[in-house]
Amino acid sequence: MTLCDHHTTTEAPVSPNAPTADILSTHERLMLEQERTLTTPRRRPTPIASVLFVTMDLLYGRRRTLQKFLVLELIARVPYQTWEHAAYIKITRKARHTQVARRIYDRVCRAREQQDNEQWHLFILEDTLEHRQQHLGWFRFRLLPQVIAFTYYAVSWVLYLVRPAWSYRLNADFEDHAEHEYAVFIAEHPELEDERCSCTIAADYGVFDSLADVLRQISLDERHHKNESLDDLDRELTSREARRQQRREARSARPGSSAPRSTPTTEMELP
Ligand SMILES: [Fe+2]
Ligand SMILES: [Fe+2]
């Protein structure tokens, strides 16, 4: 899926206790989703994620602002770029095993879809800040984010090489943080309900009643990204456990092996 044909991400279901989704307006549905985010506890971040959030607070302040979200969105694309890059290297290595290569390619498509979605978020924030004529300093909002993104790229790359599950977990922390930060920001700024989204790409991303609803949709997208990373994490842990099990079985099948067999032996079965 390319940037040109990708808009918002798949809609997550509303709360089971909520009125039926199809009788709600988009605004009502997004309000429910925001409420759901605000009442869901944040994930406990890994140490690397904590360092990143503290660094962002030190450099851009603890206060939530659209400028800070702009930096967040610049960094948000990075893990998907890392995974796409690493996956293409794997595809080249596994080219002869087309079924495996195809599965890896499916992962590339998912990563690209999410990366494109982050790009839309970035366009919306750039446009909104431009329309508000808010000045963005070259050093703090152009150069510094690139340095952070480059460092984050290196960290994500190393984590992915050593253990992909670590990289997925870090991204889930990042997306969870973004989802909650947007939801809190909208709650802190009721005036956003009266501001129209002045973005030039509004028609491509989706038309909403207000800037508050656009940001609610972005928050929902971040939840979707988080859930995708958690699914990838589960898949990775499951396949890692399966590989371990295979190795154990192969070891115990070797003649003369003293390794325990995979099927537990009860005391009654001992000679
Ligand atoms: Fe985003
Ligand atoms: Fe995201």
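Helices (DSSP runs of H or I, at least four residues) and strands (E, at least two) are numbered here from the N terminus. By that rule, the chain in this predicted model has 9 helices and 0 strands, and from the N terminus on its elements run α-α-α-α-α-α-α-α-α. Residues are numbered from 1 along each chain as its sequence is written, while chains are lettered from A and ligands numbered from 1 in the order in which they are written. Because the model is predicted, local features need pLDDT of at least 70 and side-chain atom pairs count only at pLDDT 80 or more, whereas totals for chains, interfaces and linings use all residues.

**Burial and contacts across the chain**

- A residue is called buried if 20 or more other C-beta atoms lie within 10 Å of its own, exposed if 12 or fewer, and partly exposed in between, with C-beta atoms placed from the backbone; of the 271 residues, 29% count as buried.
- Two residues are in contact if their C-beta atoms, placed from the backbone, lie within 7 Å; among contacts between residues at least 6 apart in sequence, 75% join residues at least 24 apart.

- A nonpolar core is a set of buried Ala, Val, Leu, Ile, Met, Phe, Trp, Tyr and Cys residues joined through C-beta atoms within 7 Å; the largest one has 34 residues, and Ile 75 and Leu 215 have the most contacts inside it.
- At least two residues of this core come from each of α3, α4, α5, α6, α7 and α9, and α3 gives the most, with 7 residues.
- Leaving aside residues up to four places away in sequence, Leu 215 touches Tyr 182, Phe 185, Ile 186 and Leu 192.

**Two helix pairs to look at**

- Axes are lines fitted to C-alpha atoms, for helices over the stretch in contact, and angles run from 0 to 180 degrees between N-to-C directions.
- Angles under 35 degrees count as roughly parallel, over 145 as roughly antiparallel, 65 to 115 as roughly perpendicular and the rest as oblique.
- Helices α7 (residues 164–188) and α9 (residues 211–253) pack at about 160 degrees with axes 8 Å apart, and are therefore roughly antiparallel.
- The contact of α7 with α9 involves 15 nonpolar, 4 polar and 10 charged residues; here Ala, Val, Leu, Ile, Met, Phe, Trp, Tyr, Cys and Pro count as nonpolar, Asp, Glu, Lys and Arg as charged, and the others, Gly among them, as polar.
- Helices α4 and α6 pack at about 45 degrees with axes 9 Å apart, which makes them oblique to each other.
- Val 78, Pro 79, Gln 81, Thr 82, Trp 83 and Ala 86 of α4 meet Ala 149, Tyr 152, Tyr 153, Ser 156, Trp 157 and Tyr 160 of α6, a contact with 9 nonpolar, 3 polar and no charged residues.

**Two residues worth a click**

- Asn 227 lies in helix α9 and is partly exposed, with 17 other C-beta atoms within 10 Å.
- The C-alpha atoms of Asn 227 and Ala 172 are separated by 7.3 Å, although the two residues are 55 apart along the chain.
- Gln 133 is found in the loop between α5 and α6, and has a positive phi, near 55 degrees, in a residue other than glycine.
- Gln 133 is exposed, with 6 other C-beta atoms within 10 Å.
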